[in-house]
Protein chains: 2
Amino acid sequence: MPIPTASVPLPLAVHLTRGGKIESTHRIHAAVMQGGGDIVAAYGDVNRVIFPRSALKPLQTVALVESGAATRMTVSDAEIALACASHSGEDMHTNAVGAWLARIGCSEADLGCGAHAPYADGCKPAAVLANNCSGKHAGMLTLAKFMDAPVDGYLDTAHPVQQMILSTIADLCGVPLTACDCGIDGCSAPNPSMPLSALARGFAHFMRADRAGLRRGSACRQIYQAMVEHPLLVGGSKNRLDTALMQAAQGQILSKTGAEGCYIAVIPAKDMVIALKAEDGAARAAQAALYALLDAHQLATPDVLAAIEPLCLPRLRNWGGADVGATVIDRN
Amino acid sequence: MPIPTASVPLPLAVHLTRGGKIESTHRIHAAVMQGGGDIVAAYGDVNRVIFPRSALKPLQTVALVESGAATRMTVSDAEIALACASHSGEDMHTNAVGAWLARIGCSEADLGCGAHAPYADGCKPAAVLANNCSGKHAGMLTLAKFMDAPVDGYLDTAHPVQQMILSTIADLCGVPLTACDCGIDGCSAPNPSMPLSALARGFAHFMRADRAGLRRGSACRQIYQAMVEHPLLVGGSKNRLDTALMQAAQGQILSKTGAEGCYIAVIPAKDMVIALKAEDGAARAAQAALYALLDAHQLATPDVLAAIEPLCLPRLRNWGGADVGATVIDRN
């Protein structure tokens, strides 16, 4: 895979303005990559080692489908979407994950993700099913059951479930990944660090899964379809960019957010993927940068961009409702 | 005032780590300045134009005291502390601001700051008195009454109250400031942009007010004392760095946070002030940087640093309570 040989290009800059002046600035590292693995545009340091966090979920779900576990355990496309979700903890999410767990003989007591208040309503009590990652964990428990592996300890990097997930991701991303590369994610699952370019490559392979074996190709296609057909399950009904973007793009774009300013997008019809990381971890910067890259590289139609602009490039309003500033892209 | 003449020094870096690896990085611009105006340490670009936001409140309050309004309108030291506060909206704050307004013949209906839920409990209803800036606005209304200026429009940059405040700040900071320099703050008050070094200079003059006229000297000393003697009113009873730092320092350090990653600290016994801005606006970065600078320049005792370390350099815990990372200072 060609890596830019000159000095590191400038990062993409996202500014927050106030009264027309720059108040704060975010730096974005990003790779725009073709399905074959060529980087067509690099911003900042595409070799920066990052934690993809929840942006990795579509790849973390490949093992569930590719292994045959999803078919054997009658995992629906809606459940596959939930396995890839950072959901808002609305009833549609928690009820579906609860039913899935019951069907495989588990309960929320088996989930190791910890409890937090639903994203959709931070004033509701913390709950394990409302954890944005509860679907991913239901998928991991499903894989454990399929493998006849113990449910206890399913989050250990040495557990067969995590071993299978990690080796599948390493294969897709083209980098060796061991327990030593892993940090512990917000939900206590292992999350492997890797160069940003490797994350992009993983999604390039995911997108062009027809080049992989029949089983992997079929698994990746099924995950893509499940996510774009269930955008409400991947995010939520309010203020969720993944949901808004996938709804507007009507199957043409898969997107997935990750904590600390990560984002990926997959655009098969353009044979292109985007992987980005806000250096400082700010979600507001990652969302603005995703818009900027979809726009600059003509990867989304004007109506799709218009649909996500209020979430990506919001005007800034103060407590009195006054318009005090803006979110602005500066490609240097 | 000497400005570093070489190329811009490196910013201070604050890293968030996960599993011992850097996950996100913040860049901090900072000036450590002596009372006479000499910069003894510069990080990043001390001439970067910033909005001080609420870090400016102690200087915004100078006009209230210096004009004689505070004395005439029997403004207490507790109320001066509230005028400088970004308070948590607890009963002690809202009751005191309400009583202050009543005393000057105003009510919360006169406050132009807008309503938000108290910082202390984001699930309570939004309220105008709970706005973290309600004390600053009570001070502005007090000044309007004292000047026989209309209460209506007290937030316009052309209003006599804002004109007096702006010219006092310009004088302290040593820069010309007009309405054109102002953005609209979160609370709808004008907030002047200025170089970071000018903000530092303003607080250097504030600290060494004995060099200024008798009235300004007395005003600045009174504001300093009011804040350090009422740290709970300046912040709140939980998770507020200004409060924790001023409580621990027992009168030796004044500190004030501002939105979008601003921070100032004033340490008269060391004849030193700190002014800093996180480039990306992150509060977590500003708090870590304040600790780093107090430590590196020996401006706080070990027990003061120990008291604020949990707020400034927190270990990162996930939803399951696991220790997954840290906040780390890197001075390059």
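The legends below describe close-up views of a predicted model.

View 1. In chain A, β2 (21-34) and β5 (182-184) each supply at least two residues of the side that touches chain B. β2(A) gives the largest share of that side, 7 residues. By class, the side of chain A has 11 nonpolar, 15 polar and 13 charged residues. The interface of chain A and chain B also holds 6 salt bridges. One of the pairs joined by a salt bridge is A:Glu279 with B:Arg27. Their closest N and O atoms are 2.9 Å apart.

**View 2. Chain A and chain B bury about 3,200 Å² between them.** Of this area, 46% is on carbon and sulfur atoms. In chain A, the residues that lose the most area to chain B are A:Arg18, A:Glu23 and A:Trp319. Together they account for 21% of what that side buries. Contacts involve 39 residues of chain A and 39 residues of chain B.

**View 3. Strand β12 of chain A pairs with β1(A) and with β11(A).** β12(A) covers residues 323-330, and β1(A) covers residues 12-18. These two strands run antiparallel and are joined by 6 bridges. A:Arg18 has A:Gly325 of β12(A) as its bridge partner.

**View 4. β11 and β12 of chain A form a hairpin.** β11(A) spans residues 316-317 and pairs with β12(A) in the antiparallel sense, over 2 bridges. A:Arg317 is bridged to A:Asp323 of β12(A). Between the strands of the hairpin lie 5 residues. A:Gly321 takes a positive phi near 85° in this hairpin.

**View 5. B:Gly89 sits in a loop between two helices of chain B.** The loop runs between α4 (77-83) and α5 (91-103). Is B:Gly89 buried or exposed? B:Gly89 is buried, because its relative accessible area is 10%, and buried means under 20%. Leaving aside neighbours within four places in sequence, B:Gly89 is in contact with B:Thr94, B:Pro118 and B:Ala130. B:Ser7 is 82 residues from B:Gly89 along the chain, and their C-alpha atoms are separated by 44 Å.

Key:
Residues numbered from 1 in each chain as written. Chains lettered and ligands numbered in written order. Predicted model: local features only at pLDDT ≥ 70, side-chain atom pairs only at ≥ 80, totals over all residues. Heavy atoms only, no water. Pairing = 2+ DSSP bridges. Helix = DSSP H or I, 4+ residues; strand = E, 2+ residues; numbered from the N terminus. Contact = heavy atoms within 4.5 Å. Buried area = accessible area lost by both parts, 1.4 Å probe. Salt bridge = Lys/Arg side-chain N within 4 Å of Asp/Glu carboxyl O. Nonpolar A, V, L, I, M, F, W, Y, C, P; charged D, E, K, R; others polar. Buried < 20%, exposed > 50% of the residue type's maximum accessible area, 1.4 Å probe, protein only.
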